[in-house]
Amino acid sequence: MSAIMSVPVSSASSTPAAASTVASTRALTCFLVEDSPLIRENLIATLQEMLDMQVVGVAEDEAGALRWLQDEAVPCDLVIIDLFLKQGTGLSLLPKARQLQPEAKMVVLSNYATVDMRQRCEQLGADRVFDKSSELDELIAYCLEMLPAGG
């Protein structure tokens, strides 16, 4: 039941019209899986302020993320996944998200970015792993590298 609660968060920004607007401006598009409303809101504000990026959908748990990835069918450039979610885990979601969005860069953003966890995430399909508490600048730099030349 709580998985259903994650869908309304993305309803305003996951429309086909929003996706076509993004495509015409060449902005990066991002799907965010984060269970903390405060972190989610602050991260969206930071990404959209610092980068030419539009967050096209969000979820707070694994089931909500899978539902969005399967049903919304909005291709995105970047999927950012937290490891510990309200229900389910980022570790379980990662290979499924990779399969559903094969062209997207998969990024894990977690407070538990230990060496072992980074290796595990990479084995499961993560392109990069960043520590929430100390590597937000590195995440921004990574996203800047993804922007098209001149974008």
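Let me start with one residue. Val115 is exposed, with a relative accessible area of 59%; exposed means over 50%, buried under 20%, and partly exposed in between, using a 1.4 Å probe and protein chains only. Val115 sits in helix H7, residues 115-123. Its C-alpha atom lies 9.9 Å from that of Val129, 14 residues apart along the chain.

A word on the source. This is a predicted model, where local features need pLDDT of at least 70, side-chain atom pairs count only at pLDDT 80 or more, and totals for chains, interfaces and linings use all residues. Residues are numbered from 1 along each chain as its sequence is written, and side-chain values use heavy atoms, with hydrogens and water left out.

Now the overall layout. The protein has eight helices and five strands. Those are DSSP runs, numbered from the N terminus: helices are H or I with at least four residues, strands are E with at least two. From the N terminus, the order is α-α-α-β-α-β-α-β-α-β-α-β-α.

Of the 151 residues, 46% are buried. The protein exposes about 7600 Å², and carbon and sulfur atoms supply 54% of that. Those areas come from the Shrake-Rupley method with a 1.4 Å probe; for residues, only the protein chains shown count as cover.

What about contacts along the chain? Contact means heavy atoms within 4.5 Å. Take contacts between residues at least 6 apart in sequence: 71% of them join residues at least 24 apart.

Next, two helix pairs. Axes here are lines fitted to C-alpha atoms, for helices over the stretch in contact, and angles run from 0 to 180 degrees between N-to-C directions. Under 35 degrees counts as roughly parallel, over 145 as roughly antiparallel, 65 to 115 as roughly perpendicular, and the rest as oblique.

Pair one is H4, residues 37-50, with H8, residues 136-146. Their axes come within 11 Å and cross at roughly 45°. That makes H4 oblique to H8. On the H4 side we have Leu43, Thr46, Leu47 and Met50; they meet Leu136, Leu139 and Ile140 in H8. By class, that is six nonpolar, one polar and no charged residues. Nonpolar covers Ala, Val, Leu, Ile, Met, Phe, Trp, Tyr, Cys and Pro; charged covers Asp, Glu, Lys and Arg; the others, Gly among them, are polar.

Pair two is H5, residues 62-72, with H6, residues 90-100. These axes come within 10 Å and cross at roughly 5°. H5 and H6 are therefore roughly parallel to each other. Glu62, Ala65, Leu66, Leu69 and Gln70 in H5 meet Ser92, Leu93, Lys96, Ala97 and Leu100 in H6. This contact has six nonpolar, two polar and two charged residues.

Last stop, Glu135. Where is Glu135 placed? In the loop between strand E5, 128-131, and H8. Is Glu135 buried or exposed? At 17% relative accessibility, Glu135 counts as buried. Leaving aside neighbours within four places in sequence, Glu135 is in contact with Arg118, Val129 and Phe130.
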